[in-house]
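Thanks for coming. I have one structure for today, and I will go through it element by element. Here it is.

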Amino acid sequence: MPTKSHLTVAIVLALQALVLWALLGWSIYSVITGDSASFISAVCLTFIVFLATVWVSNIAYGVIRLRPSAHTPAMVIQLLIASIGAASFGGEFGNLLIGWLAILPSTIAFFLLLSKATREAFGKN
C-alpha cells in the first residue's frame, strides 16, 4: 500500500530521472555541435550519462510500482547524487546552487527510504 513517504520518494526519483534526461539531451546537443575539446571523450561521457539515465529511470519505475528490488538501488542512487552535490561545492567550477539542489532532495529521499512506513510499503522488515 503506498504511503506519503513512498510517494514523496517516487516523486523525487522521477524528478531526478527527468533532470538526467535533460542532461542527456544537452550532452547529445553538445556532441553534435562540437562544443567539446575532445570528441571521443564527449561521446564516452554522453554514453555514461545515458547509462545513468536509464538506470535511474528504471529505479524510479520500480519505486513507483513498489518493487522490493528497487528499494536498495534507490538508496544507492541517493548516496551517489548527494556525493556529486557535495563535490559541486568546491573546485574551479564549484556551484553552490547545484550542490544544494542535489543534496537536499537526495537527503530527504534517503531518509524517507529508511523510514518504517516506506520499508513496510516495500515489504521489508
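A word on the labels before the layout: helices, and strands where there are any, are runs assigned by DSSP and numbered from the N terminus. With that in place, the protein reads α-α-α-α-α along its sequence. That is five helices and zero strands.

This is a predicted model, so I will start with confidence. The average pLDDT over the protein is 91, and 98% of the residues score at least 70. Helix α2, residues 39-64, has the highest confidence, with a mean of 94. Helix α5, residues 116-121, has the lowest, at 88.

Now the overall dimensions. The C-alpha trace spans about 50 × 25 × 15 Å along its principal axes. There are 125 residues in the protein, and 34% of them count as buried. Among contacts with a separation of 6 or more, 68% are between residues 24 or more positions apart.

Let me take the helices in order. α1 has 30 residues. From its first C-alpha to its last, α1 reaches 43 Å, close to the 44 Å expected at 1.5 Å a residue. Just after α1 comes Gly34, with a positive phi of about 70°.

Next is α2, with 26 residues. Its end-to-end reach, C-alpha to C-alpha, is 37 Å, close to the expected 38 Å. Which residues of α2 are buried? They are Ala42, Thr46, Val49, Thr53, Val56, Ser57, Ile59, Ala60, Gly62 and Val63. The cover over these buried residues includes α1 and α3.

Leaving α2, we come to Leu66, in the loop between α2 and α3. Phi of Leu66 is near 55°, a positive value in a residue other than glycine. For background, most residues other than glycine have a negative phi.

On to α3, residues 71-87, a helix of 17 residues. α3 reaches 25 Å from first C-alpha to last, close to the 24 Å expected. The buried residues in α3 are His71, Ala74, Met75, Ile77, Gln78, Ile81 and Gly85. Looking down the axis of α3, these buried residues fall within an arc of 165°, so they line one face of the helix. On the other side of α3, Ile84 and Ala87 are exposed. What covers the buried residues of α3? The cover includes α1 (4-33), α2, α4 (96-114) and α5.

One more residue from α3 is Ser83. Ser83 has a relative accessible area of 40%, which makes it partly exposed. Ser83 and Ser106 are 23 residues apart along the chain, and their C-alpha atoms are separated by 9.7 Å.

From α4 I picked Ala109. Its relative accessibility is 0%, so Ala109 counts as buried. What does Ala109 touch, leaving aside neighbours within four places in sequence? Its contacts are with Val9, Val12 and Gln78. Gln78 was also in the list of buried residues of α3.

Last, the largest pocket. About 760 Å³ of space lies in it. The elements giving two or more residues to its lining are α1, α2, α3 and α4. In total the lining has 23 residues. Which element gives the largest share of that lining? That is α1, with six residues. Nearest the centre of the largest pocket lie Val19, Leu20, Ile81, Ile84 and Ala102. Two of those names have come up already: Ile81 is in the buried set of α3, while Ile84 is exposed, on the other side of that helix.

To recap, then. The model is predicted, and the fold is five helices with zero strands. The buried residues of α3 line one face of the helix, and α1 gives the largest share of the lining of the largest pocket. I will stop there and take questions.

Key: Residues numbered from 1 in each chain as written. Predicted model: local features only at pLDDT ≥ 70, side-chain atom pairs only at ≥ 80, totals over all residues. Heavy atoms only, no water. pLDDT = per-residue confidence, 0-100. Helix = DSSP H or I, 4+ residues; strand = E, 2+ residues; numbered from the N terminus. Expected span 1.5 Å × (residues − 1). Buried < 20%, exposed > 50% of the residue type's maximum accessible area, 1.4 Å probe, protein only. Arc of directions from axis to C-beta. Contact = heavy atoms within 4.5 Å. 1 Å grid on protein atoms, 1.4 Å probe; cavity = no way out; pocket = protein on both sides within 12 Å on 5 of 7 lines; lining within 4 Å. Points joined across faces, edges and corners; volume = space filled by probe spheres on them.
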